[in-house]
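I opened my notebook today to look at how a chain folds up on itself.

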Amino acid sequence: MPAPRLLRTAPVAALAAALLVSGCSHDGSGGGRSGAGSGSALAAVDSLTVKGRAPKTGYEREKFGRAWADTDGNGCGTREDILARDAVDVAYKDRRRCKVARGVLPEDPYTGRRIAFARGDGKVDIDHVVALSDAWQKGARQWDADKRREFANDLMLAA
């Protein structure tokens, strides 16, 4: 069984909420949707163009900068920031309060269970919600190095 990952579901929840609030339902015609207002999230979804996957030509992880860099200037890497943000009962391994030694995730998004973890036990894995190679294929190859580094360390996109 793979290690649970911390996922930030706010964007998905916001879209779901927008769909519920708009009172939209599929009209069964295979095309549009009934009840979708011109400003609704559902109307926006209908306007999206779906394209095939671009090649990964030129993709290298290093083009997104050093993994889990300290982009907010607090002296701690993004991975540690995420663990400290999402866990409770956190104990640190260092005096700077950067390296999380152990903690408890109050609710695993997949099982609903609490997960007690200790550094190195393999119970919690931090990863990108959007894989960097996928971002590369969908346009990140055209960004400058700073923008790719920011993306790779965005606290809302890494979990």
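**Entry 1: a ring cluster.** I started with the aromatic side chains, and I found that ring pairs join Tyr-59, Phe-64 and Trp-136 into a cluster. A reminder to myself: this is a predicted model. In total I counted four aromatic pairs.

**Entry 2: Tyr-59 with Trp-136.** I looked up how these two rings sit, and they form an edge-to-face pair, with 6.2 Å from centre to centre and 65 degrees between the planes. Next I asked where the two partners lie in the chain. Tyr-59 is in the loop between helix 2 (41-46) and helix 3, while Trp-136 belongs to helix 4 (residues 132-137), so the pair ties together parts that are 77 residues apart in sequence.

Trp-136 is buried, with a relative accessible area of 5%.

**Entry 3: Phe-64 with Trp-136.** Trp-136 also pairs with Phe-64, again edge-to-face, at 6.3 Å centre to centre and with 65 degrees between the planes. This pair links distant parts of the chain as well: Phe-64 sits in the loop between helix 2 and helix 3, Trp-136 in helix 4, and they are 72 residues apart. I then checked the accessibility of Phe-64, and at 0% it counts as buried.

**Entry 4: the nonpolar cores.** Which residues make up the largest nonpolar core? I wrote down eleven, among them Trp-68, Ile-82, Leu-83, Val-100, Leu-105, Ile-115 and Phe-117. I also noted that helix 3 (78-86), strand 4 (100-105) and strand 5 (115-118) each give at least two residues to this core.

**Entry 5: stepping back.** Finally I looked at the whole chain. I counted five helices and five strands, and from the N terminus on their order is α-β-β-α-α-β-β-β-α-α. The chain has 159 residues, of which 28% count as buried.

Notes
Residues numbered from 1 in each chain as written. Predicted model: local features only at pLDDT ≥ 70, side-chain atom pairs only at ≥ 80, totals over all residues. Heavy atoms only, no water. Core = buried A, V, L, I, M, F, W, Y, C linked by side-chain atoms within 4.5 Å. Buried < 20%, exposed > 50% of the residue type's maximum accessible area, 1.4 Å probe, protein only. Helix = DSSP H or I, 4+ residues; strand = E, 2+ residues; numbered from the N terminus. Phe/Tyr/Trp six-rings, centres within 6.5 Å; stacked < 30°, edge-to-face > 60°.
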